[in-house]
Amino acid sequence: MFKSETDKQFVASKTVSVFPEVQSNFGPKNNNVVRWFVPPSIGFYDPRYTKLKYDLQMEGRGINRPDPRCGVHALWRDLRIRDGNGITELEFIQDYNALTSTWWHYTSNPSIDDSRDMFQGRSQNKSIDQQLYYAPTPDWSAGATDESPAKLKIQIDQPIYSGVLGGDKIFPIVATQGLRFEMFLDQMQRSLTQNTVDGEEAFFMEIETPILGATGGTAQARQEKATIDAEFSCVVEDPNASTTGRGVNINASPVNNNPFDISDPLYIDLAGGGSEKSLGVISGFTKDGAGRLVIQFIPDRAIGASLGTDYPQGSKIYYKVKDRVDGKVVANVPEAQITGASTKISYTISDMQMLMLQVQPPTGYVEQMMKQVMGAGLTLDYRTSQLYRFNLATLNGLTSQLIPSTETRAYSILSLPLDQSRQNDITTSAFRGQRDGSVNYQYSLGSVLVPDRPIELERLTQTPPRAEMLALIELEKSLMNADKPVRNLLRPADNFLIGRAFSKYGQVSDIATETLTLRVQYSGATVQKMFEHFIYYLKRIKISNDGVMVV
């Protein structure tokens, strides 16, 4: 080994693997809590190199992935770390995924984005042929297909954004008698997003040839089943696909953008609504002579029963997201369609382990540290966060939120307004900050307004949105003070966030003795908001013969 500084003692290090207490697969369906015990025999570790390593594979219909705003971090809701005896809580990060989404965009650059794509499961590409978690979708324009895209098993190498497990100072795990670490998975509908909403009930496609389910001249035209596995079909196209880029293009050109999937329950309704019926379960795709998408399906009706309603050209055809999320119980179809329709969207985490860099400090350092523990006690400081939630009762006007902060060594606050209705909706991001109707904001600390004048936000709500420079300056200061280096200030409207630094140059401020409030002025807002206020602060623990205490 080479040492560039010969006047300093060499510190040996090696990477060790720590496995969960229960070594099994994890996911939202079962085993949604991962528990670890990090033994004191590791001695000391460097948190900068702590990572989770595991395999991740999607399940269910459609193309789904962890929310691109924070990659695989979107899967984890809460993190709790206690000392080895399980008595003292060293760190508890609530809504870890939402917190990560607040700063991920602003700390990125092209190289960091590439790294997040490769190791942290970020998948932003919406092309169904170039997905991270799926093989290319079978091309229906090249011939008939009855297959869904294969689900790929992706290897994840995820850092942990934590003061104890991901900080920047060597941690003496031997002094805390080990560590107990718990990770809680979030609800699947909140942590995952669909690749597209095209073809869903609110963004339906249209049939291009009539379906005469009541007046057809033949049993085939009326869709009367002769056998349980009898197939029927309908021709689908989005007339505006060539101009909007949505929907299904003729001959899958320029891209293969079929939003339906094998085993999706398929529905039809008149253009004006009011006559919804189930067509059946999708069994395959092909194209007609004009190059239009043909959906093949097996009706979920009894043998001999007809569709019973006529649907002219232009009638709506769609799937339902609820069927993908919850699965649907169907009958009068073959077993393969029954099983496929009942399958729920989910994912599986397998082969999980935590990689830690174990270090071996000089003997004198260890002796001095243990002398402190046996005497007055050893104090350790690390940066972490505390969450305060607030549900706004009104949409418009001047709103005031009390934030019951108790931090005596605070760095900054990041306030994220979320849409309450999207916290359980897989069709959209649950972590997108809502700028809807924002006019200005201002914090109040005791009797002092910070900053001393309201920060304007109106330009961010325009169409198209424009940057508000003072708001960006305030946000940059709050992120930098939270030790989040700002590298990217593009698209602030799409990554809306309010922030305020309590001090300068990385120093701390006592905000526990004053009342902290946030005032936000709204006009024309339509979204009911829930604010999540994350306060970054310096936490101190004391390790002595009496155990570990938070001071």
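Is E474 buried or exposed, and what is its relative accessible area? Select E474 to begin: this residue is buried, with a relative accessible area of 7%, where buried stands for under 20% relative accessible area, exposed for over 50% and partly exposed for what lies in between, using a 1.4 Å probe and protein chains only. The model is a predicted one, in which local features need pLDDT of at least 70 and side-chain atom pairs count only at pLDDT 80 or more, while totals for chains, interfaces and linings use all residues. Residues are numbered from 1 along each chain as its sequence is written, and side-chain values use heavy atoms, with hydrogens and water left out.

K477 is partly exposed, with a relative accessible area of 41%. From here, select R77, D95, D186, R190, R389 and E532, which salt bridges with shared partners join into one network.

Go next to D113 and R122, whose side chains meet in a salt bridge at 3.4 Å, N to O; both D113 and R122 are buried. Then select R432, which lies in the loop between β22 and β23 and forms a salt bridge with D494, with 3.0 Å between the closest N and O atoms. This pair links distant parts of the chain, 62 residues apart, since D494 sits in the loop between α8 (469-481) and β25 (498-501). R432 is partly exposed at 28% relative accessibility, and D494 is likewise partly exposed, with a relative accessible area of 28%. Leaving out residues up to four places away in sequence, R432 touches R69, P417, L418, A493 and D494, where contact means heavy atoms within 4.5 Å. The model has 29 salt bridges by this rule.

**Nonpolar cores**

Now select L56, W76, L179, C234, F260, I349 and M354, the residues with the most contacts inside the largest nonpolar core, which has 105 residues; such a core is a set of buried Ala, Val, Leu, Ile, Met, Phe, Trp, Tyr and Cys residues joined through side-chain atoms within 4.5 Å. Strand β19 (residues 346-360) gives the most to this core, with seven residues. Centre the view on L56, whose contacts beyond four places in sequence include P66, Y133, I154, Y347 and I349. Another core, of 25 residues, lies apart from the largest one and has Y441, L445, I498 and F531 among its members.

**Cavities**

Three cavities of 30 Å³ or more are found, a cavity being a set of points, on a 1 Å grid over the protein atoms alone, where a 1.4 Å probe fits but cannot get out, with lining residues having an atom within 4 Å of a point; a volume is the space filled by probe spheres set on the points, which are joined across faces, edges and corners. For the largest, of about 210 Å³, select I63, T137, N258, P259 and F260, the closest to its centre of the 21 lining residues. The second largest cavity has a volume of about 80 Å³, and its lining includes Y106, L457, E468, L475 and F496.

Notes
Salt bridge = Lys/Arg side-chain N within 4 Å of Asp/Glu carboxyl O. Helix = DSSP H or I, 4+ residues; strand = E, 2+ residues; numbered from the N terminus. 1 Å grid on protein atoms, 1.4 Å probe; cavity = no way out; pocket = protein on both sides within 12 Å on 5 of 7 lines; lining within 4 Å.
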